[in-house]
Amino acid sequence: MTTTLITGANKGLGHETARRLLAAGHTVYIGSRDADRGRRAAERLGARTVLIDVTDDSSVAAAAKAIEADGGLDVLVNNAGIELRGQANTVTDAAGTTADLMRRLFETNVFGLVRVTHAFLPLLQRSTAPVVVNVSSGLGSLTRVATPGTPAYAYPGVAYPTSKAAVNMITVQYAKAFPDMRINAVEPGYTATDLNGNTGTQTVEEGSEIIVRMAQVGPDGPTGGYFDAAGPLPW
Ligand SMILES: NC(=O)c1ccc[n+]([C@@H]2O[C@H](COP(=O)([O-])OP(=O)(O)OC[C@H]3O[C@@H](n4cnc5c(N)ncnc54)[C@H](OP(=O)(O)O)[C@@H]3O)[C@@H](O)[C@H]2O)c1
């Protein structure tokens with residue numbers, strides 16, 4: 001039996017990933033920072049739920065303790081993320097980017113991911129087939145963002161792509177440090193969720209495809225990579 005935690009799984013891509021991993025036979029914990037939202041999602045899907053705010057040390061420690069007491073963890077999907085769009089669903093451009101905005105994005109997307117990974121490492125190390133999926137973005141690719149003519153090039157924001165580039169580097173360094181684990185970064189693609197005011201062009205079924213696939217890689221699968229549904233991506 002494979003036990004999986006997905007952070008930020010009360011809605012969006014995390015919720016759809018939970019639905020599909022449950023269908024694949026995983027025991028799934030819906031990570032949610034709000035107890036009611038988590039409980040409702042877990043009831044909808046027939047999953048377990050755990051309260052976890054990735055920005056809060058004590059919340060993350062309590063979640064790790066609860067899952068450890070329940071039997072441990074095999075797969076961690078670091079999915080919780082924010083983009084913080086402004087009025088009229090606009091992304092803050094370079095001129096408007098402040099240290100405070102950067103800090104808020106990093107607190108969830110980067111420090112949160114490290115906080116959760118660090119807390120669950122002892123559990124993952126006890127698994128016979130540990131897997132970590134870091135939900136990055138195509139906007140975390142320096143190659144894409146620097147290539148004229150691509151949608152990523154046209155994206156004006158600084159904070160969100162920078163946070164996801166950091167997620168990519170974290171993925172590479174952790175994968176080298178823990179060769180017995182499969183640790184990959186994934187790009188779901190531009191998907192209609194609350195994160196982007198539902199402007200994304202893909203469905204959550206399409207967007208969750210690569211998350212679900214990488215959550216199910218076996219011990220011979222890739223590690224330290226960066227993938228979308230079509231294959232490896234340039235860093
Ligand atoms: N949608 C896209 O086009 C797209 C593209 C590339 C990558 N991604 C990435 O995909 C991941 C999922 O995003 P989504 O599009 O599904 O967005 P979403 O529908 O807004 O879902 C984000 C989830 O993260 C949770 N979350 C936010 N801050 C949290 C915190 N401090 N602690 C715990 N949970 C927290 C949210 O909880 P609440 O409900 O409590 O707010 C929600 O469950 C993110 O990492 C995002 O960067 C999305």
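Biologist: How many other C-beta atoms lie within 10 Å of Leu 84?
Modeller: Leu 84 has 15 of them and is partly exposed. A residue is buried if 20 or more other C-beta atoms lie within 10 Å of its own, exposed if 12 or fewer, and partly exposed in between, with C-beta atoms placed from the backbone. This is a predicted model, in which local features need pLDDT of at least 70 and side-chain atom pairs count only at pLDDT 80 or more, while totals for chains, interfaces and linings use all residues. Residues are numbered from 1 along each chain as its sequence is written.

Biologist: Where is Leu 84 found?
Modeller: Leu 84 sits in the loop between strand 4 (75-78) and helix 4 (99-125). Helices (H or I, at least four residues) and strands (E, at least two) are DSSP runs numbered from the N terminus. Leu 84 is not a glycine, yet its phi is positive, about 55°.

Biologist: And Ala 88, is it buried or exposed?
Modeller: Ala 88 counts as exposed, with 6 C-beta neighbours inside 10 Å. Ala 88 also lies in the loop between strand 4 and helix 4, and its phi is positive, near 55°.

Biologist: What span should helix 1 have?
Modeller: The 12 residues of helix 1 (residues 12-23) should span 16 Å at 1.5 Å a residue, and the end C-alpha atoms are 17 Å apart, which agrees. The expected span is 1.5 Å times one less than the number of residues. Gly 25, with a positive phi near 105°, follows helix 1.

Biologist: How many residues surround the ligand?
Modeller: There are 31, and the closest are Gly 8, Gly 12, Gly 81, Thr 193 and Leu 195. A residue is near a molecule if its C-beta atom, placed from the backbone, lies within 6 Å of it.

Biologist: Which helix gives the most to that shell?
Modeller: Helix 1 does, with 3 residues. Helix 1 and helix 4 each supply at least two.

Biologist: Finally, what does the secondary structure of the protein come to?
Modeller: The protein has 9 helices and 8 strands. The C-alpha trace spans about 50 × 40 × 30 Å along its principal axes, and buried residues make up 46% of the 235 residues.
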